[in-house]
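Colleague: I'm new to this one. Can you bring it up and walk me through it?

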Amino acid sequence: DPAAAGGGSSAFGDTAAFERAAGAGSVYGVKAPVEGGRVRDESAVQPRKRVREGDPFAPYDFALSRDDSEQMKLSAEEQVIVDARSKERAAAKARADGDESTPVEEKSIFHGESEKDYQGRTYMHPPASVKSAAGEHECFIPRQCVHTFSGHTKGVAAIRWLPKYGHLLLSAGMDAKVKLWDVANSRKCLRTFLGHNAAVRDISFNNDGSRFLTCSYDRYIKLWDTETGQCLGAYTTKKLPYCVKFHPDEDKQNVFIAGQADKQAVQWDITSGNPVQFYNQHLGAVNTITFCDNNRRFVTTADDKKMLVWEYGIPVPIKHISEPHMNSIPYVCMHPNEKWILGQSLDNQIVVYGVQQRFRQHQKKLFRGHSNAGYACQVDVTPDGQFVLSGDSDGRVFFWDWKSTKLFRKLKCHDGVCIGAAFHPVFPSTMATCGWDGTIKLWE
């Protein structure tokens with residue numbers, strides 16, 4: 001009987017009577033004491049309201065009571081983690097907006113005993129054996145690895161032979177370092193170039209190899225002296241450069257063009273240090289720049305799956321190449337006869353385009369068999385034009401016959417992606433490969 005339990009009260013089912021009853025201990029009105037905790041203050045909770053008045057499908061606003069907000073306070077350790085992540089997001093947003101800080105101080109480290117020999121010659125002077133081998137020669141496919149260059153702490157993004165002689169090899173690493181290797185004699189690292197604070201994306205020599213360009217994910221393009229290691233200039237438009245290429249003409253060695261992530265190619269003048277022309281007809285990041293037709297024109301490819309042909313110095317393309325079956329081409333090289341360009345298409349094949357009178361694809365020359373989807377694997381052709389070679393995503397290098405397009409041989413070279421494969425310009429059966437395992441290998 002509630003009346004008996006309530007000390008003689010005659011209330012039955014009347015909550016107001018229970019609340020008025022002395023010492024009733026009712027859960028409806030009397031707060032029970034809590035030990036070691038807090039009681040939720042119902043008066044602090046705001047009534048729930050719709051986000052949009054009059055809309056029955058609108059969500060409710062979320063309101064916290066004072067007790068809930070106190071319980072959601074972070075500890076000191078959690079606050080430190082949150083602050084660190086906030087700083088990282090702010091730095092990433094600043095980089096995306098182009099508010100990059102000043103470039104890193106440039107320097108180079110020479111790893112040998114002396115920069116000059118007893119005759120006063122530096123490492124730029126080619127050995128006599130390389131000189132005697134220059135000229136027309138027949139090329140053969142290498143079979144075995146004769147040396148492994150290890151010095152990069154992360155993957156190697158690109159390798160380039162020194163023009164004309166090839167006794168030196170330049171490598172760009174994802175550890176923000178560029179290294180110069182002696183291939184003909186000691187097979188050791190001669191100099192390390194330090195001037196970027198992010199991975200180096202591409203490198204390019206000028207005609208005689210005395211200078212080279214580096215472009216990095218820190219949004220800077222830098223010009224270096226190969227012999228002294230001095231940085232001769234830094235160039236940036238606050239946008240990410242993907243590729244860089246010197247103009248091949250001897251009288252235009254002060255000009256280079258950089259393809260950028262903001263869908264345009266920028267022509268720079270080294271003498272003034274300023275951009276002089278913008279080529280901006282692409283709809284995606286520009287991946288490659290290839291000069292052709294006696295260097296009067298150049299071809300660009302981008303992530304928009306298009307290939308554009310430009311007259312040098314004129315920012316209007318003379319031809320668009322865009323087909324429904326085309327894929328993005330992240331790497332392009334020129335055939336030694338300068339009549340064809342070979343593009344690494346991301347549908348696991350190498351396509352060929354004529355670059356003389358009419359720019360059109362050679363439908364019968366397709367090199368297949370490798371797996372390169374998603375990777376900008378380097379394509380190269382032997383100096384005699386007989387073989388085509390390319391790396392792939394499984395660490396292999398494939399060789400095809402140029403005339404028949406048949407797969408000739410494949411070599412297992414690296415653990416992981418083999419991103420670069422370059423045939424020696426002088427030696428008839430020497431090749432260098434690089435991969436994301438951080439090593440560079442020499443094959444003969």
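Colleague: Let's start with strand 4. Which residues point which way, and are they buried or exposed?

Modeller: Leu 168, Leu 170 and Ala 172 point one way from strand 4. A strand here is a DSSP run of E, at least two residues, numbered from the N terminus.

Colleague: What am I looking at, by the way, and how are residues numbered?

Modeller: It is a predicted model, where local features need pLDDT of at least 70, side-chain atom pairs need 80 or more, and totals for chains, interfaces and linings use all residues. Numbering starts from 1 along each chain as its sequence is written, and side-chain values use heavy atoms, without hydrogens or water.

Colleague: How many residues of strand 4 are buried?

Modeller: 6 of the 6, residues 168-173. So strand 4 is largely enclosed by the rest of the structure.

Colleague: Which strands does strand 4 pair with?

Modeller: Strand 3, residues 156-161, is one partner: they are antiparallel over 5 bridges. Two strands pair if DSSP finds at least two bridges. Strand 5 is also joined to strand 4 by 5 bridges, again antiparallel.

Colleague: What sits across from Leu 169?

Modeller: In strand 5, Leu 169 stands opposite Trp 181. Leu 169 is also the bridge partner of Trp 161.

Colleague: Trp 181, then. Which ring pairs with Trp 181?

Modeller: A search of the whole structure finds 18 aromatic pairs (rings of Phe, Tyr and Trp, its six-membered ring, with centres within 6.5 Å). Among them, Phe 149 and Trp 181 form a tilted pair, 5.3 Å centre to centre with 55° between the planes. Planes under 30 degrees apart would be stacked, over 60 edge-to-face, and the rest are tilted. Phe 149 is in strand 2 and Trp 181 in strand 5 (residues 177-182), so the pair ties together parts 32 residues apart in sequence.

Colleague: Are Phe 149 and Trp 181 buried or exposed?

Modeller: Phe 149 counts as buried because its relative accessibility is 2%. Trp 181 counts as buried because its value is 3%.

Colleague: What other pair could I look at?

Modeller: Tyr 279 and Phe 298 pair edge-to-face, at 5.0 Å centre to centre and 85° between the planes. Tyr 279 is in strand 14 (residues 274-279) and Phe 298 in strand 16 (residues 297-302), so to speak distant parts of the chain, 19 residues apart. Tyr 279 and Phe 298 are buried.

Colleague: Which rings form a cluster?

Modeller: Phe 193, Phe 205, Phe 212 and Trp 224, linked by ring pairs.

Colleague: How many bridges join strand 2 to strand 29?

Modeller: 5, with strand 29 covering residues 439-443 and the two running antiparallel. Cys 145 has Trp 443 as its bridge partner in strand 29.

How values were computed: Helices (H or I, at least four residues) and strands (E, at least two) are DSSP runs, numbered from the N terminus. Buried means under 20% relative accessible area, exposed over 50%, partly exposed in between (1.4 Å probe, protein chains only).
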